[in-house]
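Welcome, and please have the sequence and the structure open side by side.

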Amino acid sequence: MGSLGQLCLERLRPFDVDLICVDCKPPAWRSEELKAQYEDQMILGDMRLSSTLKRAQVGRARSVLLLSSDSTINLEAALHVRILNTKAIIVVRSSSQQESLNDLLAARIPNLRVVDPLMLSASAIAQSLRPEQVPATFTLFNQRITLQQQDTPIDTSSKYLSRLLKLGICTDEDPNDQLVLSLNHLSKAYGRGKATRSARQIVRRLSVVILDCCRYLDYRIRNLQSWDLLFITALILFISGIPFFSNGHSIQSGFLITLSLLKGELVDPVNVLIDHTGQGITSLSPFALIFAVTYAILGTILTGAIVALILDQLLSRRLGLRVRRRLSTGSRSVILLDGGSLADLVSSQLTAAGIEVLRLSSHDDIPNLSTSQLQRWTRHTQFVGAGLLSSDLLKNLRLALEWQIVFASTRLAIITKDLDTGESLEELLGGINFISTLDLAADAFVATAFGEQVEEVRRINGRTVLLVKYRIDEHDTLVGSTISRVQEGFGVTALALRRSHERQAKIFPSLESRLIQDSELFVLADLRGLRRIERNQCDPPRWRLKYQVQCRSAQSFDTQQVLARHLGMAPGQFASSMDGFWHYTPTIDRDLAKQLQHELQRMAVRTELIETKG
């Protein structure tokens, strides 16, 4: 019942479930309201003891959250909980240092979920440092989905490429000036027949390989390192030496002589030159001799330099030393201070987005990390952001304020453990993002406690948004629901749907798609949306479509098919409505009604969208 435990407690209160708290000593309550409500439900004792867990009625619990700051204690308690309760969902707070043990336990113990609060904040930190002016990006099934502001209504014909973000129930929704999710990259290949698709795939792969090689060569030319200089020097000497030393003789002899000289040898190559003349050493011109000696000296230097570089690399890896990598000229760069394994994950996400990362450590011999040093490291790059991931909040804040003066347009992110006034400080110190790891983790822990699998966490307009995977089983209340019903009934956004009999997932599944058993549904939601799904609080649909089909229309059959697909009914049920009179559909969701209206209008069917009352 520390800071994280009480944050989870605050978020669990609206779910209307029985909550029992366990701690080895009375906690320092965050508020008097929490103390008054849950002080009588506190069990004092060691949660690693079966007696304490039995007093807490763990045997009949649906979920158990183990939130001690000590990962070892949490994992030890998880084993005792599983013995007392074989069905409960166990959510364990653990660190990435015990990743191997976490994976082994999660694989052997059913319904055990291990969550690292720091790792959850990596995506939010990486997003805050990206230069794109978009609130968030998500990667799902190798597809990149971007969330951005939309000033114009979504084109209905592009329903498979974009979707409005729905968070919460909105009664008077305006499609203008809202956040829209857009699909950026499509990985499908289109063409006539397998041969065409295969040819296009081969061409695409070759073009990707060629482009990667060109980019790599351009990068190496603009950022020459010691290895590159040695290789270029050796190549120039080798190419220029072959024609000289093979003058009047075979090219093979010139090749061997040049290669021997560049290895640092002198006597054997000179003897070969003398043998070619058929006379003594006096027949060899002074210029040729001086040239051979020069090559031998340069070859000795090159050989020694190569050996030194190899030893340097081997010793650096052996001793754990890392040389600060130089940033590429003209690249977009981000600096990360400290962070450990968290910085590793943030760095990998930024690198995947084409942003180079310079890692710094407070333990390095860098006095005060001055702005002049920062300018020198990033002078040839586009410096777009800095993530201050040190555990010292005051040090992070001091550096951020200093760097903000010099780099006014740079994004700065500071990680905090628990800061209630984070949003107020962001408004006060414009340009600095405060990311609370415990706030993000609390939402993820609560969502995980109810059986959902949290894939990513983002902060959007001051709200924590979770990318959650639902596994639809046969007893799930969502079975048979359409995507539009899930979105508008519960106030969440469906991103992807994968059925058990389908090989690939569908990004932005069609609104009329129905959820069946053994499906996987990926949604964007906040805790309110997840709570509505948990409690099955679904708002009823409020829209009807009034339509009129011309009598004996040539498209009446297609019209019946469209109506049946959107309304989940048999086509024959609409045969009587093809009589030229006005008819009404059952109440449906607004987005589904607008999509149906658009398709009917393409068939010259007169339509009118009507909102029902109550």
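Below are some notes on the whole chain, followed by points grouped by topic.

This is a predicted model, in which local features need pLDDT of at least 70 and side-chain atom pairs count only at pLDDT 80 or more, while totals for chains, interfaces and linings use all residues. Residues are numbered from 1 along each chain as its sequence is written, and side-chain values use heavy atoms, with hydrogens and water left out.

**The chain as a whole**

- The protein chain holds 20 helices and 22 strands; helices (H or I, at least four residues) and strands (E, at least two) are DSSP runs, numbered from the N terminus.
- Of its 614 residues, 44% count as buried, where buried means under 20% relative accessible area, exposed over 50%, and partly exposed in between (1.4 Å probe, protein chains only).
- Among the contacts in the protein chain with a separation of 6 or more, 66% come from residues 24 or more positions apart; a contact means heavy atoms within 4.5 Å.

- How many residues of helix α17 (residues 483-490) are buried? Eight of its eight residues are, so the helix is mostly covered.
- Just after α17 comes G491, with a positive phi of about 80°.
- Q537 sits in the loop between α18 and β20 (543-548), and its relative accessible area of 34% makes Q537 partly exposed.
- Leaving aside neighbours within four places in sequence, Q537 is in contact with G489, F490 and R532.
- Q537 and G489 are 48 residues apart along the chain, yet their C-alpha atoms are separated by 7.9 Å.

- Why is strand β16 (residues 463-472) described as largely enclosed by the rest of the structure? Eight of its 10 residues are buried.
- Strand β15 (residues 453-460) runs antiparallel to β16, and seven bridges join the two; strands pair if DSSP finds at least two bridges between them.
- In this pairing, E456 stands opposite L467 in β16.
- β15 and β16 make a hairpin with two residues between them, and N461 in the turn has a positive phi of about 50°.
- β16 also pairs with β19, in the antiparallel sense over seven bridges, and here K469 stands opposite F522 in β19.
- The C-alpha atom of F522 is separated by 8.6 Å from that of R498, 24 residues away along the chain.
- R498 lies in strand β17 and is partly exposed, with a relative accessible area of 27%.
- Apart from neighbours within four places in sequence, R498 is in contact with F141, A505, D518, S519 and E520.

**Strand β3 and its crossover**

- Which residues of β3 are on its covered face, and which on its uncovered one? V64 and L66 are on the covered face, S63 and L65 on the uncovered one.
- In a regular strand the side chains alternate between the two faces of the sheet.
- β3 pairs with strand β4 (residues 89-93) in the parallel sense over four bridges, and V64 stands opposite I90 in β4.
- From β3 the chain crosses through helix α4 (residues 71-84) to β4, a right-handed β-α-β crossover; right-handed means that, with the strands pointing away from the viewer, the path from the first strand over the helix to the second runs clockwise.
- D70 is in the loop between β3 and α4, and counts as partly exposed at 34% relative accessibility.
- D70 and R93 are 23 residues apart in sequence and 8.3 Å apart in space, C-alpha to C-alpha.
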